[in-house]
Amino acid sequence: YDFLGIFYANVFFACVSFSIVMPSIWKYIEKHNGDEYFLASVLLIYSLGEFLGSLFFGYLHNYNTTKFTMLSCIFTGLLGSVLYFSADYFQDDMALWLVFGARFLQGLWTGGQQAIEQSYVSEVVEDKEKLMVLSELGIAAVSGFILGPVFGIVLSMLDIQIGPLVKIDKYTSPGYLQTILTIVMFSIIQSSFREVHPHNRPGRVNETKNEESIPPSKAGIGVCLFLCLIIFNGFAVQETITTPLVTDTAHKYSETFDWEVTASYAIFAGSGVLSIIAFGVIHFIGDKVDERKLALVGLGMGALGWICLIDYQYRQINLGLFFFGYVFISVNFPIARNVVFTMASKIIGPNRAGGYMGWMLAVGAISRMLGPFWAVQSLSISLKLCFGSTGGLFLVSMAALAIYWKQCAPHQETKKSSIQIHMSSP
């Protein structure tokens, strides 16, 4: 597939753009006299942008070329990137609202780009290769998340004045880098992306014959949406509570931890490495195992991981169980997310995938919006409530998949075409 190299680069650049902002955005807001509540609103508006971008660009992709939709999406991200560094040239109130608007536009970009790429992969890539392709895209994403903060460290050392207007420092440099990356991405898509015509896409085969496709199973799609909600909620809770928990020198949450912030960085870095390993395992497994069985394994890892983190002795977490559980939590997200998206793609079958993939990602964005608030509130009450409820939701998701097992099978026309291909093979 010629387009994969371009998609890998796009995913990597987009994830670098996301992760490079996170370590410095609070100081940027604080510089312009913003408080923690404004920071929370900026984080929320980014996730809202992801939600709306997934839906808008997903449906736009159904009725326009992939190239046009992708260029429109990246251009939105370019506008957001320019707004982000431009905010520093305005007075405090205006600067804060420019940052707010910039993160909304960047959320539209990242949500939309994921929806477009998932839709195109769903329509172009053969079923037996979808899980492998999604795992490779996942490796590109995690690599971007890991290397983004590394680039951020380098950029934080910059203090460059170019003429009377352009100032590149630790606050504005992420915006300048994002601008450069979006221009590079726009140029690559414009010059190098060769789109497969809809009539030549395995996932749109019925349109070639001017036939009506049987709609995908509503129950199957509904289960996939519910699984996305749970999987992304677990990820949101993980990224929200890790640093407050392990750097809890005041022992507000437990009596176990009082580590330095560097320990939190190390835990996140280790989690990233585990994610890459998990993607590699998924790539190796490929189409050898039914996605529904793999989904159960991934969801089970999430349930086990969160249950291990519970303080079975009052306010005291067993360190061995903590690391054991954190390993399972770290590999749960890449495995379960990719498998569920592959499962949904096969349920969709020979139907336009943009809207469905848009909703999958939009539901994930809802969890990214609400999950942190629940995590903070429940953690302040007790570890058992926070970790037990998160693990319990994974158990509920496993039950839902088991109940609707047949409805989560591949689309009947996809299975029929696979049988025909097998019978015609020598």
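This is a predicted model: local features need pLDDT of at least 70, side-chain atom pairs count only at pLDDT 80 or more; totals for chains, interfaces and linings use all residues.
Reader: How do you know what span is expected of helix α6?

Author: The rule is 1.5 Å times one less than the number of residues. Helix α6, residues 127-155, has 29 residues, and 42 Å is expected. From first C-alpha to last, α6 reaches 42 Å, close to that expected value.

Reader: Where does α9 bend?

Author: The bend in α9 is at Thr-240 and amounts to about 30°. Pro-244 follows within four residues. Helix α9 covers residues 218-246 and reaches 42 Å, close to the 42 Å expected for its 29 residues.

Reader: Why are α13 and α14 called oblique to each other?

Author: Helix α13 (residues 354-381) and helix α14 (residues 383-403) pack at about 135°. Roughly perpendicular ends at 115 degrees and roughly antiparallel starts over 145, so an angle between these limits counts as oblique. Therefore α13 and α14 are oblique. Their axes are 5 Å apart.

Reader: Which residues of α13 and α14 meet?

Author: Trp-374 and Leu-379 are among those in α13, and Leu-383 and Phe-387 among those in α14. The contact residues divide into 8 nonpolar, 2 polar and no charged.

Reader: Why does the radius of gyration agree with a compact globule?

Author: For 426 residues a compact globule would have a radius near 22 Å, and the protein has 22 Å, so the two agree.

Technical notes
Residues are numbered from 1 along each chain as its sequence is written. Side-chain values use heavy atoms; hydrogens and water are left out. Helices (H or I, at least four residues) and strands (E, at least two) are DSSP runs, numbered from the N terminus. The bend at a residue is the angle between axes fitted to the seven residues ending there and the seven starting there. Axes are lines fitted to C-alpha atoms, for helices over the stretch in contact, and angles run from 0 to 180 degrees between N-to-C directions. Angles under 35 degrees count as roughly parallel, over 145 as roughly antiparallel, 65 to 115 as roughly perpendicular and the rest as oblique. Contact means heavy atoms within 4.5 Å. Ala, Val, Leu, Ile, Met, Phe, Trp, Tyr, Cys and Pro count as nonpolar, Asp, Glu, Lys and Arg as charged, and the others, Gly among them, as polar. The radius of gyration is taken over C-alpha atoms; the globule rule is 2.2 Å times the number of residues to the power 0.38.
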